[in-house]
Amino acid sequence: MRQHGDDRAAANAPAAPARRRLLVLALAIGGLVMTALATSAVGSAQGVYVGKVEVVVHLPRTLAVPNPLATSNQEAVRFAALVAEVATNGEEVPRVTNQSLTLADQGLRHETMISLVNLGGQWANDFSRPFIRVEAVDESPQGVSRRLEDGIARVTRALDRLQDDAGVPPRTRATASSVPAVPQVRYAPTHRERAMVATALLGLVLTVVACRLGARRLDGRRGRHQASSEPKGGPPPRSSVTTTPAAPHRLGQASWGQGDPHGI
């Protein structure tokens, strides 16, 4: 039986390196193909169009604030914050560390965002201006323009709704204006070259890792197979053990380790 196991292991020994090479080759080809497809898809991604407009909330003229264009009135800031919350139905706006970042910079392609302008940085807020920012991103300039117009209309409706519910007379109503009057839409290109390089490097790293793991797993399986084919040590079978019958005991003969009971 042991000779038969040794012959089988010897016959499989030359095939093991061949299987290992085939597995590594298949994993490498598959990884390279997937990397090429992913890199091509990233490289074919087109840029988007972005636009931004700010809606300024003006409180009516009073003795304290005779100029309706005054933008440092805290009451106007609080009222603008309430208008923005109603316009967005209380939806929380993601916080960004840089206010100059566009929706395209945040990885969005079809989105409209309404928020109170925050002049603060990463660690502190600064809501000191009654400006409601409307941002939009889309794959066409017409789509961005429609989104901006819809965002401005939502802010205006929220402003009117709050004052209608409160019964504010027309002469003392707050008003709003857009800055700029005509929203500017611009094209935001993608960083295609950097994205393609990053995708290619990531694909190559994953391919190498997959090849190493596949080869290691195959080697471990082969080692377990060889270990199971070797005979295990143990006691010999009962049929191979020979026993010698014991000699008959004679009368008067002392047993092993026993002396004469009478000292003779």
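Val86, at 22% relative accessibility, counts as partly exposed, a class that lies between buried (under 20% relative accessible area) and exposed (over 50%), judged with a 1.4 Å probe and protein chains only. The residue lies in helix H3, where helices are DSSP runs of H or I with at least four residues, strands are runs of E with at least two, and both are numbered from the N terminus. Leaving aside neighbours within four places in sequence, Val86 is in contact with Ala158, Arg161 and Leu162, contact meaning heavy atoms within 4.5 Å. Val86 and Arg154 are 68 residues apart in sequence, yet their C-alpha atoms are 8.9 Å apart in space.

This is a predicted model, in which local features need pLDDT of at least 70 and side-chain atom pairs count only at pLDDT 80 or more, while totals for chains, interfaces and linings use all residues. Residues are numbered from 1 along each chain as its sequence is written, and side-chain values use heavy atoms, with hydrogens and water left out.

The buried residues of H3 are Ala76, Val77, Phe79, Ala80, Val83, Ala84 and Ala87. They cover an arc of only 165° around the axis, so they are on the same side of H3, the arc being that of the directions from the helix axis to the C-beta atoms. Glu75 and Arg78, on the other side of H3, are exposed. The buried residues of H3 pack against strand S1 (48-58), strand S2 (111-116), strand S3 (131-138) and helix H4 (141-166).

One of the residues of helix H4 is Gln163, which is buried, with a relative accessible area of 4%. Not counting residues up to four places away in sequence, Gln163 touches Phe79, Val168, Arg173 and Ala174.

H3 is followed by Asn89, which is found in the loop between H3 and S2. Asn89 has a positive phi of about 60° although it is not a glycine.

| Residue | Relative accessible area | Class |
|---|---|---|
| Gln163 | 4% | buried |
| Val86 | 22% | partly exposed |
| Val33 | 43% | partly exposed |
| Asn89 | 69% | exposed |

**Other local features**

Val33 lies in helix H2 (residues 15-43) and, together with Leu25, Ile29, Met34 and Leu37, forms a nonpolar patch on the surface with about 500 Å² of accessible area. Such patches are made of residues with over 30% relative accessible area and no salt bridge, with nonpolar side chains (Val, Leu, Ile, Met, Phe, Trp, Tyr) joined within 5 Å and like charges within 9 Å; a salt bridge is a side-chain nitrogen of Lys or Arg within 4 Å of a carboxyl oxygen of Asp or Glu.

A cis peptide bond, with omega about -5°, joins Val179 and Pro180, and Pro180 lies in strand S4 (residues 175-188).

**The protein as a whole**

The protein has five helices and four strands, which run α-α-β-α-β-β-α-β-α from the N terminus on. Buried residues make up 24% of its 264 residues. Among contacts between residues at least 6 apart in sequence, 75% join residues at least 24 apart. The accessible surface comes to about 18,600 Å², of which 58% belongs to carbon and sulfur atoms; accessible areas come from the Shrake-Rupley method with a 1.4 Å probe, and for residues only the protein chains shown count as cover.
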